[in-house]
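Hello,

Here is the structure I promised to pass on. Please load it first, then read the notes below.

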Amino acid sequence: MNIFRTKNIDAMIASSRASGNLKKVLGPFDLVLMGIGAIIGTGIFVLTGTGAVTAGPALTISFIVAALACGCAAFSYAEFASTVPVTGSIYAYSYATLGEFVAWMIGWDLILEYGFATSAVSAGWSGYFQSLLRGFGLHLPTVLTAAPGALPGVHTWMDLPAMLIMLALTAMLSIGVKESTRVNNAMVVIKVAVVLLFIVVGVHHVQPANWHPFAPFGYTGIFSAAALVFFAFIGFDAVTSAAEEVARPERSLPIGIIGSLIVCTVLYVAVAAIMTGIVPYQRFLGVNDPIALALNYAKETWIAGFVDVGAILGMTTVILVMTYGQTRILYAMSRDGLLPRRLSTVHPKYGTPFLATWVVGILFGIVAGFVRLSTLAELINIGTLAAFSLISIAVIVLRKTRPELRRGFRCPGVPVVPALAVVACVTLMTYLQPLTWLAFGVWLAIGLVVYFAYARHHSLLNRQEPVSEPPALAVGGERR
């Protein structure tokens, strides 16, 4: 078997267009808000505090560095999304350019990225939600407030709110994409309004003296913080997973990818500058709600309550979009035979991969309930950086192998811009902890075992079978 055999791009596109299973209901505005929904969450409401302690006021530069790395990769994503508008994101793009084995490994990597991201953000959501409950005098039993070992000196069984939010959003996604998108759009508008409110109010309390020294830890602090806050930009790539549910993907997908990244970068830099201008960066040590701290420091306590609500909504949309992206990755891998075919069955009423959605929700809901947030964050970063590096290489390969393909969007400066993306991502990876590299290696080793034990033997491409749409399931479970 040729494990580096590639899929035919023209056949992939034709199959996608011929498919009537997934409903094409999304437009460019939906995609921009989907991207913003996936990006603005834990990064702006939680990680800005840790980033400020790591880089000082130069956190603004750290955000720009992380955004540039993402931006170079985003151009590659936009070209692929407009050229090969099929479900599966970089997994599908790698299958068409670098071969099945690479596609499987990056798909396995995306399971790590999306799945653990939803779990990590669910844990962060739980913290803000419990804070909101305490404001009303309500308290959960201590044993149900956090994963085991998450609270030093406190005995806990599980993080119940984190599990419940995962299951609730899974139920929403399973019954329809358009319905979920409407909810996402409303929450995105509210949370962006909250961020803008902080900017408008906070700018009047900035003390420029707090920006000196600007970079107390030098370049090491800036790049270490950039590697950390890179997590804040994760999510725009989930937009590409919606390719087969977009009416005009060649136009709408690039707008969604690049538009959401630009909006979020501007907001991140503004928030970081104002936050460190209000509060001396040393005071953010150990703080999980840095924006609320800045408002309280400025004696604008009435707005801090709005920030809590915005944080909850912000994290909710991140969980929603990342779970959506995860299910579409599983759908694509299953459709190709690399995972059990039942995962790519589409519900005839809801038009969603129903089983895959619930598998993701239950599995990573359990992870959210029982695994500490700190254990998940860096694993997500290294998985995403690896994926961004790979798609940047793949776009160079596609330009060489299929220059005649019609491209709705072209990545500028090929091969320089994609090469810069690889350099930036690999550089940020070197600032991650050795234990993170070890855990990532173990995850990839497990992926190797699964590929050679199952996926390679069931691959439709390597069995020389046509890759076709799986039959939808009737309500009673019978195939149509």
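This is a predicted model: local features need pLDDT of at least 70, side-chain atom pairs count only at pLDDT 80 or more; totals for chains, interfaces and linings use all residues.

**Helix H15**

The buried residues of H15 are Val 417, Pro 418, Ala 421, Cys 425, Leu 428 and Met 429. They cover an arc of only 115 degrees around the axis, which puts them on the same side of H15. The length also checks out. H15 runs over residues 416–429, and its 14 residues should span 20 Å at 1.5 Å a residue. The end C-alpha atoms are 20 Å apart, which agrees.

**Helix H12**

H12 covers residues 301–335. Its 35 residues should span 51 Å at 1.5 Å a residue, and the end C-alpha atoms are 52 Å apart, which agrees. How much of H12 is buried? The count is 30 of the 35 residues, so H12 is largely enclosed by the rest of the structure. Just after H12 comes Gly 337, with a positive phi of about 90 degrees.

**Surface patch**

There is a nonpolar patch on the surface, formed by Leu 164, Leu 167, Ile 362, Ile 366 and Phe 370. Together they have about 420 Å² of accessible area. Helix H7 (160–174) and helix H13 (354–370) are the elements that give two or more residues to it. H13 provides the largest share, 3 residues. Ile 366 sits in H13. Its relative accessible area is 40%, so Ile 366 is partly exposed.

Best wishes

How values were computed:
Residues are numbered from 1 along each chain as its sequence is written. Side-chain values use heavy atoms; hydrogens and water are left out. Helices (H or I, at least four residues) and strands (E, at least two) are DSSP runs, numbered from the N terminus. The expected span of a helix is 1.5 Å times one less than its number of residues. Buried means under 20% relative accessible area, exposed over 50%, partly exposed in between (1.4 Å probe, protein chains only). The arc is that of the directions from the helix axis to the C-beta atoms. Patches are made of residues with over 30% relative accessible area and no salt bridge: like charges are joined within 9 Å, nonpolar side chains (Val, Leu, Ile, Met, Phe, Trp, Tyr) within 5 Å. Accessible areas come from the Shrake-Rupley method with a 1.4 Å probe; for residues, only the protein chains shown count as cover. A salt bridge is a side-chain nitrogen of Lys or Arg within 4 Å of a carboxyl oxygen of Asp or Glu.
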